[in-house]
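Subject: Structure handover

Hello,

Here is the structure I promised to pass on. Please open it first, then read my notes below.

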Amino acid sequence: MLGQLLDDRYQVIQTVEASRYVQIYIAKDVTQPGAPQCKISCFRPVSNDYASLEAAREIFRSEAQKLYQLSSYCDRIPQVLSAFEYNKDFYLVEEAIEGRSLGEELAVGRLLSEDRAIDM
């Protein structure tokens with residue numbers, strides 16, 4: 001997947017996470033000045049039969065629309081840049097946010113102060 005161009009604009013530069021049904025990549029938007037980075041989540045349907053694929057397509061479209069609306073109302077949610085389907089997989093493109101993931105912040109055995117928890 002590294003180096004692949006998705007949707008004729010997003011060049012994959014790093015794999016962040018990979019499981020059976022979800023892959024997360026960092027890519028750069030080669031159509032924009034400075035080729036800004038973005039995060040791409042690829043969702044693979046459990047089944048490729050017609051009914052399952054149609055159901056997955058509807059769920060994906062609905063969830064992508066909800067995320068787009070939320071991201072336009074709240075600056076603490078990454079902005080949705082694009083959503084598309086390619087080879088029966090579903091891709092959600094969001095702005096890349098620098099920093100540690102929530103999983104890293106909430107590492108097992110690490111206690112947060114009340115102030116830090118409220119800030120998060």
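Accessible areas here come from the Shrake-Rupley method with a 1.4 Å probe, and for residues only the protein chains shown count as cover. On that basis, the accessible surface of the protein chain is about 8,400 Å². Carbon and sulfur atoms hold 51% of that surface.

Two notes on the source. This is a predicted model, where local features need pLDDT of at least 70 and side-chain atom pairs count only at pLDDT 80 or more, while totals for chains, interfaces and linings use all residues. Residues are numbered from 1 along each chain as its sequence is written, and side-chain values use heavy atoms, with hydrogens and water left out.

Overall layout

The protein chain has three helices and six strands. These are DSSP runs numbered from the N terminus: helices are H or I with at least four residues, strands are E with at least two. Along the sequence the pattern reads β-β-β-β-α-β-β-α-α. The C-alpha atoms fill a box of roughly 50 × 35 × 30 Å along the principal axes. Of the 120 residues, 24% are buried. Buried means under 20% relative accessible area, exposed over 50%, and partly exposed in between (1.4 Å probe, protein chains only).

The cores

A nonpolar core is a set of buried Ala, Val, Leu, Ile, Met, Phe, Trp, Tyr and Cys residues joined through side-chain atoms within 4.5 Å. The largest one has eleven residues, including Leu 6, Tyr 10, Cys 38, Ile 40 and Val 93. Strands β2 (10-18), β3 (22-29), β4 (37-43) and β6 (89-95) each supply at least two of its residues. β4 gives the most, with three. A second, separate core has six residues, among them Leu 53, Phe 60, Ala 64 and Phe 90.

Ser 82

Ser 82 lies in strand β5 (residues 80-86). Its relative accessibility is 16%, so Ser 82 counts as buried. Beyond four places in sequence, Ser 82 is in contact (heavy atoms within 4.5 Å) with Asp 7, Tyr 10, Tyr 91, Leu 92 and Val 93.

Cysteines

Cys 38 is buried, at 1% relative accessible area. Cys 74 is partly exposed, at 28%.

Best wishes
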